Amino acid sequence: MGLRRTAAGPGSRRRGDVGFAIASCAVLAAYNNVAGMRPWHRRWYPVLNACATGAALAAAAASGLTATDMGLGRAKLRPGLRLGSRVAAATAGGWLAIAVVPAARPVLRDERITGLTGREVAYQVMVRIPVGTVLWEETAFRGVLLAALRRVMPRGTAVAVASGVFGIWHIRPTMGALRANKLAASPGKTVAAVTAGVAATAAGGVLLSWLRIRSGSLAAPALLHLATNCVGPLAAYAIAPAPGGQPGRPVTGWPHSASFLKFIEYIF
């Protein structure tokens with residue numbers, strides 16, 4: 001792919017490539033665990049993350065990475081859309097199957113969805129998730145970070161490192177999920193649960209990275225990411241019980257234990 005520099009290249013450029021890769025890892029490992037704790041970040045989530053996306057792309061371009069390096073080249077867009085559409089359709093089908101099978105519906109229970117109005121759900125799946133989560137995370141991890149790492153190390157190692165950083169990115173959200181579900185019973189259990197969440201997130205990062213490399217385009221992992229994060233909440237909202245007990249508009253306080261939907265959203 002031409003991402004990795006040869007040993008014959010200028011030493012200063014090699015050092016710059018390594019420095020950019022290290023800085024990218026450090027910034028992304030800290031960003032969501034530090035900025036994400038701030039009320040202003042939660043309030044302006046889509047806007048701030050869209051700005052962060054632009055900043056990451058500008059920094060990557062200044063470091064010498066091209067659009068093709070980051071999966072944004074036009075030549076690979078169609079393959080990315082084809083592969084991404086297939087996996088996204090399968091994922092959406094899985095969510096819908098869960099929604100129509102009564103025995104499986106408990107995995108869709110999520111108070112964050114059942115307490116929202118239709119307009120609020122629309123905002124989540126049309127603005128907050130696509131712009132604030134998918135655009136930012138796919139650009140940052142499968143675009144900039146993966147390309148920066150592949151420039152200085154073998155592909156498999158680059159995928160492992162990028163996916164590991166993606167797991168670290170989700171430490172704070174996983175702890176938030178545990179608190180919301182009242183699952184942080186003891187420090188030991190909390191550490192074990194966070195470790196499991198980071199590992200699962202890293203595994204998800206490997207899959208998304210594989211789609212990016214296989215297709216050559218960010219479109220493939222982005223479409224899977226969208227299907228995972230958007231169709232689930234829509235399915236949960238569609239089957240949420242109305243005050244009278246029938247499916248319809250959501251009601252706050254739907255009893256649930258550990259929400260699978262919440263866990264899936266935090267994984268990605």
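A salt bridge is taken here as a side-chain nitrogen of Lys or Arg within 4 Å of a carboxyl oxygen of Asp or Glu. The structure is a predicted model, in which local features need pLDDT of at least 70 and side-chain atom pairs count only at pLDDT 80 or more, while totals for chains, interfaces and linings use all residues. Residues are numbered from 1 along each chain as its sequence is written, and side-chain values use heavy atoms, with hydrogens and water left out.

By the salt-bridge rule, the count comes to two. In one of them, R151 pairs with D17, and the closest N and O atoms are 3.4 Å apart. Because R151 lies in the loop between helix 6 and helix 7 (155–169) and D17 in helix 1 (residues 11–34), the pair ties together parts that are 134 residues apart in sequence; helices are DSSP runs of H or I with at least four residues, strands are runs of E with at least two, and both are numbered from the N terminus. R151 counts as buried at 1% relative accessibility, and D17 counts as buried at 2%. Buried means under 20% relative accessible area, exposed over 50%, and partly exposed in between (1.4 Å probe, protein chains only). A salt bridge also joins the side chains of R142 and E138, at 2.7 Å from N to O. These two residues are four apart in helix 6, so about one helical turn separates them, and both R142 and E138 are buried.

Helix 6 spans residues 118–150 and also holds T133, which is buried at 7% relative accessibility. T133 and Y45 are 88 residues apart in sequence, yet their C-alpha atoms are 8.7 Å apart in space.

Turning to the whole fold, the protein chain has eleven helices and zero strands. Of its 268 residues, 46% count as buried. Among contacts (heavy atoms within 4.5 Å) with a separation of 6 or more, 77% come from residues 24 or more positions apart.

Helix 9 (residues 187–215) packs against helix 10 (residues 219–239) at an angle of about 145°, with axes 7 Å apart; axes are lines fitted to C-alpha atoms, for helices over the stretch in contact, and angles run from 0 to 180 degrees between N-to-C directions. L207, L208, L211, R212 and S215 of helix 9 meet A220, P221, L224 and H225 of helix 10.
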